[in-house]
Amino acid sequence: MFTGQKLPDVTFRTRIRDDSIEGANPFRWQDRTTSDYFAGKRVVLFSLPGAFTPTCSDYQLPEFENGFDEFRSHGIDDIYCMSVNDSFVMNKWAEMQGIKNIKVIPDGSGEFTRKVGMLVSKDNYGFGMRSWRYAAIIDDGVVELVFEEPGRDDNHSEDPYGESSPENLLKYLRGKKVA
């Protein structure tokens, strides 16, 4: 993923709540496209190796959730969290984290992540193919700026977090120099 890149056209298989469905699982399938999420909006997209993993659950997702109002005050319309996980996993993770403002995008097959060049093997942790950790500001489907963790590589032995933190993106939005 690079500055100025137009996001690839991808269809995401999502599950959305439908109160007309009775029972313990009142959700239905709904396809959403890249355009559905990104057209006509300025958004933050952050991607991470996996739902329910420690750094993602303890820091990244809650920190973006807690900073939502400030992002909005800087002209961000939505904040999306993407992972190479299916919709069932992403929805349950958001629910268990108490997320109200961040919208999760399931990239179950990794198609979007592969097309933006962020798909890496995490076989060393038993994960298979996953997203490298990054965040980006996207304006009407075009990458304005990317905040990528250093060392992107297959089977990286660490899980860096800092470059893609909400505070780093907010520094940029506030007009301060990002290190």
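Predicted model: local features only at pLDDT ≥ 70, side-chain atom pairs only at ≥ 80, totals over all residues.
Close-up 1. E9 itself spans 142-148 and is an edge strand, pairing on one side only.

**Close-up 2. Five strands make an open sheet.** Read the strands across the sheet and you get E5-E4-E3-E8-E9, with mixed pairing. The two edge strands are E5 and E9, and each of them pairs on one side only. On average, neighbouring strands of this sheet are turned by 25° against each other, if you ignore direction.

Close-up 3. Start with strand E3 (residues 42-48) and strand E8 (residues 134-139): they pair in the antiparallel sense, over six bridges. You can pick out bridge partners here, including Val-43 with Ile-138 of E8 and Phe-46 with Ala-135 of E8. Now switch to E4. E3 and E4 pair in the parallel sense, over six bridges.

**Close-up 4. E3 is covered on both faces.** Are the residues of E3 buried or exposed? Seven of its seven residues are buried, so to count as buried each has under 20% relative accessible area. One side of E3 carries Arg-42, Val-44, Phe-46 and Leu-48, while the other carries Val-43, Leu-45 and Ser-47. Helix H2 (residues 54-66) lies across E3, E8 and strand E4 (78-83). Compare directions and you'll find H2 running at about 180° to E3.

Close-up 5. What kinds of residues make up the lining, nonpolar, polar or charged? There are ten nonpolar, four polar and seven charged ones.

Close-up 6. Strand E1 (11-17), strand E2 (27-33), helix H4 (87-97) and strand E5 (103-106) each supply at least two residues of the lining. Which element gives the most? That's H4, with six residues. E5 turns up again here: besides supplying lining residues, E5 is an edge strand of the five-stranded sheet.

Notes. Residues numbered from 1 in each chain as written. Heavy atoms only, no water. Helix = DSSP H or I, 4+ residues; strand = E, 2+ residues; numbered from the N terminus. Nonpolar A, V, L, I, M, F, W, Y, C, P; charged D, E, K, R; others polar. Pairing = 2+ DSSP bridges. Axes fitted to C-alpha atoms, helices over the stretch in contact; angles between N-to-C directions. Contact = heavy atoms within 4.5 Å. Buried < 20%, exposed > 50% of the residue type's maximum accessible area, 1.4 Å probe, protein only.
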